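Hi,

Here is the structure I promised to pass on. My notes on it follow below.

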Amino acid sequence: MLSSVLLSEKAIELRYEKPKPALKEHGEVIGVDQGLKSLLSTSRNDSLARDQHGWTLLLILLKMSRQKSGSVAFKASQAHLRNHINFIMKRLDLSGVKEVKLEEIVNIKFGVSVSRLLKHWSNPLIRDSLAKACEESGVRFTLVPNEYNSQRCNECGWTQKANRKGKVFLCRKCQHLDDADHNAGGNIAIRDELSDIPA
């Protein structure tokens with residue numbers, strides 16, 4: 001037990017230090033793709049979108065986009081967003097997993113005009129929540145480059161922008177049909193083995 005105690009009007013909070021579990025040496029490596037419609041999609045074909053009340057990330061962001069920034073309702077929606085992300089993370093089954101790979105998204109909104117909806121999409125919340133879940137489960141957490149993950153075919157490697165149309169992935173070369181997020185998750189899982197594609 002730590003020496004500090006937090007006192008408030010209605011509660012006393014006792015604090016404990018919990019040892020970090022050792023990293024697993026055996027298990028599978030999974031790739032995780034984050035998106036608007038399905039918050040998390042994995043290379044194992046897990047698709048985690050809705051919470052216990054039927055909310056999705058997209059619905060929460062739509063609600064936030066209609067509210068005035070800084071208002072009481074907007075702050076409540078921000079708390080709703082954090083709770084939704086944490087709920088989805090708790091549903092991610094990490095048993096039998098030794099490493100989770102997540103695409104690293106950098107400067108997604110830098111220098112471009114984005115809609116009010118996308119302006120409220122905060123991928124660091126998802127990244128940090130997933131990293132915490134991995135740390136608590138003794139799972140290695142790795143960030144990998146995100147270039148062309150959603151456009152590259154997980155079966156034959158053919159990369160073309162026209163391969164993806166919304167949530168549907170159809171390879172223009174081998175006709176591989178898949179959920180676009182699941183296909184991207186598969187590419188993230190084997191990212192170390194893939195050759196770089198010039199811009």
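**The second largest pocket**

Asn 86, Met 89, Lys 90, Leu 92, Leu 94, Ser 129, Lys 132, Ala 133, Glu 136 and Ser 137 form the lining of the second largest pocket (on a 1 Å grid over the protein atoms alone, an open set of points where a 1.4 Å probe fits, with protein on both sides within 12 Å along at least five of seven lines; lining residues have an atom within 4 Å of a point). Two or more of these residues come from each of α2 (72-91) and α4 (helices are DSSP runs of H or I, at least four residues, and strands are runs of E, at least two, numbered from the N terminus). The top contributor is α4, with five residues.

This is a predicted model, where local features need pLDDT of at least 70, side-chain atom pairs count only at pLDDT 80 or more, and totals for chains, interfaces and linings use all residues. Residues are numbered from 1 along each chain as its sequence is written, and side-chain values use heavy atoms, with hydrogens and water left out.

The open, mixed sheet has five strands in the order β5-β4-β3-β6-β7 (strands pair if DSSP finds at least two bridges between them). Because β5 (47-48) and β7 (140-145) each have a single partner strand, one side of each has no neighbour in the sheet.

His 182 belongs to helix α5. Beyond its neighbours within four places in sequence, His 182 is in contact (heavy atoms within 4.5 Å) with Ser 41, Thr 42, Ser 43, Arg 44 and Asn 45.

Best wishes
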